[in-house]
Amino acid sequence: MFKYADVFNSLDEDELDKALQKILIFQIKTNETIFNQGDEGNYIILLLKGTVGIYVKNKDDHEAHAGYNRRKDDHEVSIATMEENSFLGEMALIDSTVRMATVRALSDCVIGTIHGDDFWSYFHKNLGTAKNILKGLNAKLRDTNKSLIEKLIKEKEELARFNQELERQVKEK
């Protein structure tokens with residue numbers, strides 16, 4: 001199972017065995033919370049099997065922005081899903097902050113956790129793994145940028161249509 005996780009694809013069997021010694025494996029049931037927004041971020045999660053949803057708390061009681069699904073029962077907004085062969089929770093670990101989102105299983109999952117100290121030690125000793133983690137971070141950033149750009153373009157188009165309609169109504173009066 002670990003052999004196929006992108007973060008480990010540069011490891012030979014011996015290096016993989018060493019990495020496995022630092023990973024704790026957990027079975028997670030559907031709808032079970034893996035971590036909450038605001039929790040301390042002292043470990044990284046490897047999503048080995050299943051799908052998780054990523055949610056942020058809606059700061060007010062207004063409807064969520066277009067393109068996001070609001071969970072009315074707990075005032076959370078679904079911002080992303082992650083599928084197996086992914087890692088998450090790295091942002092809080094890297095910059096020593098709290099979790100920026102809640103992660104909840106959308107299906108039965110198998111996850112591996114690596115404590116921060118073990119992560120950093122391994123990161124410094126294994127450049128191939130470090131490179132894969134950086135590639136994963138870059139891919140997430142690229143996806144976020146793409147989503148934000150698409151949203152900005154859509155909002156700009158909607159604003160232009162609104163302006164045109166407003167101008168039309170002003171001319172009619």
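Mentor: Quick ground rule first: two strands count as paired if DSSP finds at least two bridges between them. Also keep in mind that this model is predicted.

Trainee: Okay, so over how many bridges do β3 and strand β7 pair?

Mentor: The cut-off is at least two bridges. β7 covers residues 86-88, and its pairing with β3 is antiparallel. The bridge count for β3 and β7 is 3.

Trainee: And which residue is the bridge partner of Ile45 in β7?

Mentor: Look along β7 for two bridge partners. Leu47 sits opposite Ser86 there. For Ile45, the partner in β7 is Leu88.

Trainee: How many bridges join β3 to strand β9?

Mentor: β9 spans residues 109-115 and runs antiparallel to β3. Ile45 shows up here too, standing opposite Thr113 in β9. The number of bridges joining β3 to β9 is 6.

Trainee: What order do the strands of the open sheet have?

Mentor: The sheet has 4 strands with antiparallel pairing. At its edges are β1 (24-28) and β7, each of which pairs on one side only. From one strand to the next, the twist averages 30 degrees. Reading across, the order is β1-β9-β3-β7.

Trainee: Which helix packs on the sheet?

Mentor: Look for the helix touching β3 and β9. Its direction makes about 75 degrees with that of β9. It covers residues 116-125, and its name is α3.

Trainee: Why is strand β3 largely enclosed by the rest of the structure?

Mentor: A residue is called buried when its relative accessible area is under 20%. β3 runs over residues 43-49, which gives 7 residues to check. The strand is largely enclosed because, of those 7, the number buried is 5.

Trainee: Switching to the loops: is Asn31 buried or exposed?

Mentor: Asn31 lies in the loop between β1 and β2 (33-35). It has a positive phi of about 75 degrees, though it is not a glycine. Most residues other than glycine have a negative phi. The cut-off for exposure is over 50%, and Asn31 has 56% relative accessibility, so it counts as exposed.

Trainee: What relative accessibility does Asn85 have?

Mentor: You'll find Asn85 in the loop between β6 (76-83) and β7. Asn85 also has a positive phi of about 75 degrees without being a glycine. Asn85 counts as partly exposed because its relative accessibility is 30%.

Notes:
Residues are numbered from 1 along each chain as its sequence is written. This is a predicted model: local features need pLDDT of at least 70, side-chain atom pairs count only at pLDDT 80 or more; totals for chains, interfaces and linings use all residues. Side-chain values use heavy atoms; hydrogens and water are left out. Buried means under 20% relative accessible area, exposed over 50%, partly exposed in between (1.4 Å probe, protein chains only). Axes are lines fitted to C-alpha atoms, for helices over the stretch in contact, and angles run from 0 to 180 degrees between N-to-C directions. Contact means heavy atoms within 4.5 Å.
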